[in-house]
Amino acid sequence: MGEQQLGMPPQIPGGEEERKPVVFAVRIDPALREQVEGLRGITEQSVNEVGVEALTAWVDNKLADEEVRDKAMAGIEEEERRLQERRSAIQKVLGATASTSGEAPGTGPSRSGRRGKSSDS
């Protein structure tokens, strides 16, 4: 596969901050490598360009698959359920702590151990 030439990083949609490209290596059959090298020579594309093109097409294909989209949404909903359970557990702990100390959460002394300057000095 020769030297990999770094192309321009793909544009990131939504104005996100610039990200550095990362290496993503795959193992392929030698026969496929020969085909890639032959076509790459004809198209004058770099190994990197060929890889980005192939992976972009794969991602687009998967995102268009309704079953994959359904699985993704189910995963998001499960994560939201877990976060809600965690939030409830934390609120119960904070509520129990607040009721035993007599102070509402966040109104007690800071945990930093630092005190403000006293006007008595």
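Visitor: Which residues are linked in a network of salt bridges?
Guide: In this predicted model, a network of salt bridges links Glu 78, Glu 79, Arg 81, Arg 82 and Glu 85.

Visitor: And how many salt bridges does a search of the whole structure find?
Guide: The search finds six salt bridges.

Visitor: Let us take Arg 81. With which residue is the salt bridge where the closest N and O atoms are 2.3 Å apart?
Guide: Glu 78 is one such partner, with the closest N and O atoms 2.3 Å apart. Arg 81 also forms a salt bridge with Glu 85, and there the closest N and O atoms are 2.3 Å apart.

Visitor: Where do Arg 81 and Glu 78 lie?
Guide: Both belong to helix H3, which covers residues 66-101. They are three residues apart, about one turn of the helix.

Visitor: What separates Arg 81 and Glu 85 in helix H3?
Guide: About one helical turn separates them, because they are four residues apart in that helix.

Visitor: What about Arg 82 and Glu 78, how do their side chains meet?
Guide: They meet in a salt bridge, at 3.4 Å from N to O. Arg 82 and Glu 78 are four residues apart in helix H3, so about one helical turn lies between them.

Visitor: A change of topic: is Arg 81 buried, exposed or partly exposed?
Guide: Arg 81 counts as partly exposed, because its relative accessibility is 38%.

Visitor: And which class do Glu 78, Arg 82 and Glu 85 fall into?
Guide: Glu 78 is partly exposed at 30% relative accessibility. Arg 82 is partly exposed, with a relative accessible area of 41%. Glu 85 is partly exposed, with a relative accessible area of 46%.

Methods: Residues are numbered from 1 along each chain as its sequence is written. This is a predicted model: local features need pLDDT of at least 70, side-chain atom pairs count only at pLDDT 80 or more; totals for chains, interfaces and linings use all residues. Side-chain values use heavy atoms; hydrogens and water are left out. A salt bridge is a side-chain nitrogen of Lys or Arg within 4 Å of a carboxyl oxygen of Asp or Glu. Helices (H or I, at least four residues) and strands (E, at least two) are DSSP runs, numbered from the N terminus. Buried means under 20% relative accessible area, exposed over 50%, partly exposed in between (1.4 Å probe, protein chains only).
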